[in-house]
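Colleague: I would like to go through this model label by label and hear what each one rests on. Please show it first.

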Amino acid sequence: MDRREQILARLFVVMKTLAEAESGFAFRNEAKVSETKLPAIRIFDGDETADESAYGRGRPASGPVIVAATPEIYVTLTADTEELGTALNGWRAKVIKAATTDEALLALCHNGDVRYLGCSTALGEGREMTGDLGIAFAFNYALRPAQLP
């Protein structure tokens, strides 16, 4: 299993543990979740980008490069509460803490480099006003093409 999949698999375990501790559910790459499975944390594998500064200067194509994996993490809550914003902010804090303090996840990243990049909610003028929260992270790791399975 390559490093990207190891990071995504560990991230899912971390988020599943968090969700279950809060009487919720976790899903990986599932777009729709039944209302009976809320609260839910959904993780999508997302994208990755390589650090362009590592290329050139005679570097072999199979040489290591730092890559930022940016999976998508969504928290979905029931939207029929006046305290929805407060609840989403509470989940935001829990997800950030879980993703940035799990020793096994940090060990998979280059020098433990996990970065919180921000969040986006469905709460705002002209938005859906639903219980959805997107949380962005970058998990930086060393891609070593010659060592891929």
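Modeller: Read from the N terminus, the elements of the chain follow the order α-β-β-β-α-α-β-β. In total there are three helices and five strands. This is a predicted model, where local features need pLDDT of at least 70 and side-chain atom pairs count only at pLDDT 80 or more, while totals for chains, interfaces and linings use all residues. Residues are numbered from 1 along each chain as its sequence is written, and side-chain values use heavy atoms, leaving out hydrogens and water.

Colleague: What makes a stretch a helix or a strand here?

Modeller: Both are DSSP runs numbered from the N terminus, a helix (H or I) having at least four residues and a strand (E) at least two. H1 covers residues 3–21, which is 19 residues, and H2 has 18 residues.

Colleague: How do you know what H1 should span?

Modeller: The expected span is 1.5 Å times one less than the number of residues. For the 19 residues of H1 that gives 27 Å, and the end C-alpha atoms are 27 Å apart, so the two values agree. H2 should span 26 Å and its end C-alpha atoms are 26 Å apart, so there is agreement for H2 as well.

Colleague: Which residues of H1 are called buried, and what does the word require?

Modeller: Buried means under 20% relative accessible area, exposed means over 50%, and partly exposed lies in between (1.4 Å probe, protein chains only). In H1 the buried residues are Arg-4, Ile-7, Leu-8, Leu-11, Val-14, Met-15, Leu-18 and Ala-19. Looking down the axis of H1, these residues fall within an arc of 135 degrees (taken from the directions from the helix axis to the C-beta atoms), so they line one face. Thr-17 and Ala-21, on the other side of H1, are exposed.

Colleague: Why do residues a few places apart point the same way in an α-helix?

Modeller: There are 3.6 residues a turn, so residues three or four places apart point the same way.

Colleague: What makes S1 and S2 a pair?

Modeller: Two strands pair if DSSP finds at least two bridges between them. S1 (residues 25–28) and S2 (residues 40–50) are joined by four bridges and run parallel. In this pairing, Ala-26 stands opposite Ile-41 of S2. S2 also pairs with S3 (residues 65–76), in the antiparallel sense, over nine bridges. There, Ile-43 stands opposite Ile-73 of S3.

Colleague: What makes a group of residues a nonpolar core, and which members touch the most others?

Modeller: A nonpolar core is a set of buried Ala, Val, Leu, Ile, Met, Phe, Trp, Tyr and Cys residues joined through side-chain atoms within 4.5 Å. The largest one here has 33 residues, and Met-15, Ile-41, Ile-73, Val-75, Val-95, Phe-137 and Phe-139 touch the most other members. H1, S2, S3, H2, H3 and S5 each supply at least two residues of this core. H2 gives the largest share, seven residues.

Colleague: What is Ile-41 in contact with?

Modeller: Contact means heavy atoms within 4.5 Å. Leaving aside neighbours within four places in sequence, the contacts of Ile-41 include Met-15, Leu-18 and Ala-19, along with Phe-25, Ile-73, Trp-91 and Val-95.

Colleague: Which peptide bond is cis, and where is its proline?

Modeller: The bond joining Leu-38 and Pro-39 is cis, with omega about 0 degrees. Pro-39 is in the loop between S1 and S2.
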